Amino acid sequence: MIVRPYYLDMLKTYRDVPLVKILAGIRRCGKSTILDMLKDDLIRSGIAADHVIQLRYTSEELDDSMTAKQMYRDIKEKMTDSERYYLLLDEVQEVDGWEKAVNSLLEDSNTDIYVTGSNSKLMSSEISTYLTGRYISIPVFTLSFAEYMEFKKHDGRTPKELLNEYIRMGGFPIVALGNFDERSSYQIVEGIYNSVITGDITKRHNITNFDLFNRVVKYIVENVGKTFSANAIVKFMKGEGRSLSVEAVYNYLEWLEKAFVIYRCQRYDMQGKTVLKTQEKFYLADASLKYCMMGFNPKSVAAMLENIVYFELRRKGYDVYIGKNATKEIDFV
C-alpha cells in the first residue's frame, strides 16, 4: 500500500477533534485506501486494534433493508467498554439516514468518527440538519502528479516521461498501480465512469432518456476548460435536432457535480469583487475521463493541463475561480 501523506496528515490534524470527518470524492479515487492507511497509523500510534472499528457499506456487501438504527446497533455492539473507539465507516451513503446513526454515536459514545462516500448524500448541501456544524468535509481527488511519481518511482523513467503519461492516463490509483497500456487504462476508467453514471445518477434520478443525457455529458467533456452556459448546450442540442430544456441541463450538471464527475469553477469579477453566476467553467475529476470517452487527442492537452492545475490548486486548499477583469480573461483567481 502506497501512503498518500497529504490525506494522512490532514486526518491527523483533526484526530480526536469532536467532528465527523467526511472524505468525499469520485468512486475509485482512493478513499477506502486512505481509511486503511488511517487504521494502520492509529494502531502504530498505540491505539488497540480492537478499538479501531472499520466497516464497509457498499451495495454489494449490504443488506438492502439496513436502517440507520441497525447501523447504530451493529456498531454499539462492537464497543465493549468506555474507552475511546475510532470508527472508520466506508461508503456510508448506502445506508439511508446514516447521519442519524453517526450523530447518535458522536453524542452518546466515546468515539472519533471518519466516513467516506462517493455521491451527493455526502455533499454539504445534502447532509441533513443532524450534522450541521458537527463535521469537516475533506475532498478526495485522484492522484496529483507528485503522488503519481511516488507510485511510479521504481520504474526508472524521467519526470518528463511520467508527466506525459500522467496527462494521458490520468490519476486513478488503480491505473497508476498497474502497468497498463493506454487502451486497457481507458477501459478501466470507462468502467469506473459507467458505475458512477448507473449507480449514482441514472438510478437515483430515474433518467429515462439515457441517450440525451449521454450526449449532454459528451458536450461537457468536449468543452472542459471553456466557459459555457446551459443555454449554449440547449442551442447545440437544437442544432442536432434534439429538444432539451434549460432546466434539464441544470439538473444534469448538478447530478454530475454531486457524483464528483465534474467540478464547477465560478467566475470572479476582479473589479466588482463579486462571484458571477454566468459563464462558469467545469473541470473533470480526472483527465482520463475525457480520453476514455473520446480517445486521446494531442490538441486537447492544453485544456487538460488547465484541468490538472485546477485540481492542484484545490488540493493545496485554495478556493479557485476563473477571473474577469473588464474584458480580459484570467485563468485562475
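pLDDT is the predictor's confidence in each residue, on a scale from 0 to 100. What you're looking at is a predicted model, so local features need pLDDT of at least 70 and side-chain atom pairs count only at pLDDT 80 or more, while totals for chains, interfaces and linings use all residues. Residues are numbered from 1 along each chain as its sequence is written, and side-chain values use heavy atoms, with hydrogens and water left out.

The protein chain has a mean pLDDT of 92, with 97% of its residues at 70 or more. Strand β3 (residues 85–90) has the highest confidence, at 98, and strand β7 (residues 274–284) has the lowest, at a mean of 86. Those labels come from DSSP runs, numbered from the N terminus: helices are H or I with at least four residues, and strands are E with at least two.

## The largest pocket

Rolling a probe the size of a water molecule over the atoms shows where empty space is left. On a 1 Å grid over the protein atoms alone, a pocket is an open set of points with protein on both sides within 12 Å along at least five of seven lines, a cavity is a set where a 1.4 Å probe fits but cannot get out, and lining residues have an atom within 4 Å of a point. Grid points are joined across faces, edges and corners, and a volume is the space filled by probe spheres set on the points.

The largest pocket holds about 850 Å³ of space. It is lined by 36 residues, and the closest to its centre are Arg27, Thr58, Glu60, Glu91 and Ser118. Helices α2 (31–44), α7 (173–177) and α8 (182–205) each give two or more residues to this lining, and α8 has the largest share, with six. Sorted by class, the lining has ten nonpolar, eleven polar and 15 charged residues. (Nonpolar here covers Ala, Val, Leu, Ile, Met, Phe, Trp, Tyr, Cys and Pro; charged covers Asp, Glu, Lys and Arg; the others, Gly among them, are polar.)

## The second largest pocket

Of its 24 lining residues, Pro139, Phe141, Tyr263, Arg314 and Asp319 sit closest to the centre. The lining of this pocket has 15 nonpolar, four polar and five charged residues, and its largest share, four residues, comes from β6.

The largest cavity has a volume of about 80 Å³. Helix α13 gives the largest share of its lining, four residues. Among the lining residues are Thr142, Tyr166, Asp286 and Phe311. By class, six are nonpolar, three polar and two charged.

## Helices that cross

Two packed helices are described by the angle between their axes and the distance between the axes. Axes are lines fitted to C-alpha atoms, for helices over the stretch in contact, and angles run from 0 to 180 degrees between N-to-C directions.

Take α1 and α2: they pack at about 55 degrees, with axes 10 Å apart. That makes α1 oblique to α2 (under 35 degrees is roughly parallel, over 145 roughly antiparallel, 65 to 115 roughly perpendicular, and the rest oblique).
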